[in-house]
Amino acid sequence: MTPQEVTIEDHSGKVISLTREEAALRIKSGSKGPICIPYRQILRADFQPDSGILTLVYLYRKKRAGPFELVELEGVHRGNDVSVTTQWVESLMTHVYESSGVQRQRRLKVFVNPHGGVRKGVSVFAKTIEPIFRAARCSLDVIHTAHRGHAFDVAKNLALDYDAIVTVSGDGLIHEVLNGFAQHETPRKALSIPIAPIPTGSGNGLSLNLLGPERGFDVTEAALNVIKGKHMKVDVFSLTQNGKRTISFMSQALGLMADLDIGTENLRWMGDTRFMVGLLRGILEFKPCPIQLSYKIAESDKMKMAEDLFKLQAHRDSQVRTSTPPVTSGGLPPLTNLPDDMEGWTTYDKPILYVYAGKGPFVGRDYMAFPVSQPDDGLIDVMAQPVSSRKEILSSLGGAAKGETYWQPSLHYVKAHAYRIKPLSPKGALAIDGEIFPFEEFQVEVHQKLGTVLSPYGYYAADFSPRRPTGSKKRKDNNH
């Protein structure tokens, strides 16, 4: 039987006890009170029988709201037989990796964008992220992107012998990698390699959805997810425009919501604050979006969508997660909603201020745009804001971070299998995953579980109450 405790003596002569408990490793030094390190935060334990030196490396927060700090504890084992300490260390490592369903020493392909967001990607990676990866004995293949499209070019020819793809940037680099994989000679296999973002961009939507709003911009939390996160299958989209097919993983925005993103490119120095500035500017201008929206509807009842999410949340921690067999071949799924297909489409015929569609609740720290979005339901959440009044739009912003704009009476919100946009004027704005696209006719459909990410939880880290706020009125246009 493996012992629960070992004792070491550090270089200063201090005696330190290391005790295995149910959910954490308890570390006690001298007369100080113990600290407990959750097993997920333990990166490495080594023991050298010849020298008797035991090394423990872990991540620890000195402040609850602060980032992790990398800690290395080293000392000579005391009391136990060498074989006992060896067994204790290996048992600990097995518990924090294999028994938790995580592979040790992951092989990582790392894309670092020097120009993303506030241009701190290179320094953040060198000073903070790389030391954490090295401490966990991950093998690294690092590339610094030199120009727009660089990651796309690398991804489409990438050898697929990595355990994860790491993007040190914002969401734009993820878009590039996914579209490179779509052009790979074995796209399904390429898309089965999980992506894990390190948030150094402006919006960092994927990171927010994986880690939550409190930790979504914490690069140390994101680094731990790279090392300890588990595979989570997610839906991605095919956008077809003028015969060209593009993969989208996060959002498509038109009108005010597109201006919010691509209209604030010159404000990247502000970080994600630029999106709120863009939103306020757009509300002041209040320009209608000259488009026709059509969709293949799956659900339009807001209460039902919220209740379905609540039921899923109530049982998700008790659900057994099954591993997905590795994909070794296959091309992209065929498009099932062809341009000449007219059956089963519904057209929204009111004047529109903006259309926003996507996957994942958060599009920014201050905006949970798609609160009932689910990672792999095979559907896309589509919202259309009809032209109403500035006062109504502004009044809903206070609860935007909690998803309360979902309940705004005039907001039209559906889950769809596919949707189409037809511009009614040559002038307008379209952003796909935050990237500028031509304002021209396009169509989007969903590919269920085609993408893969690393996640600490196996679901989106978003806390949305499915209950309608007090005082919210029912209207027919409120999707019931």
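**Rings and charges**

Mentor: Arg-365 lies over the face of Phe-217, 3.7 Å from the ring centre. A charge sits over a ring if NZ of Lys or CZ of Arg is within 6 Å of the ring centre and within 35 degrees of the ring normal. This is a predicted model: local features need pLDDT of at least 70, side-chain atom pairs count only at pLDDT 80 or more, and totals for chains, interfaces and linings use all residues. Residues are numbered from 1 along each chain as its sequence is written, and side-chain values use heavy atoms, with hydrogens and water left out.

Trainee: Which ring does the charged end of Lys-302 sit over?
Mentor: That of Tyr-406, at 5.5 Å from its centre.

Trainee: Now ring pairs. How many aromatic pairs are there?
Mentor: The count is 9. Rings of Phe, Tyr and Trp (its six-membered ring) pair if their centres lie within 6.5 Å; planes under 30 degrees apart are stacked, over 60 edge-to-face, the rest tilted. Tyr-356 and Phe-370 form a tilted pair, with 5.3 Å between centres and 55 degrees between planes.

Trainee: Are Tyr-356 and Phe-370 buried or exposed?
Mentor: Both are buried. Buried means under 20% relative accessible area, exposed over 50%, partly exposed in between (1.4 Å probe, protein chains only).

Trainee: Why is the pair of Trp-407 and Phe-464 stacked?
Mentor: Their planes are at 20 degrees and their centres 6.4 Å apart, so the pair counts as stacked. Trp-407 and Phe-464 are buried too.

Trainee: Which residues do ring pairs link into a cluster?
Mentor: Tyr-406, Trp-407, Tyr-413 and Phe-464.
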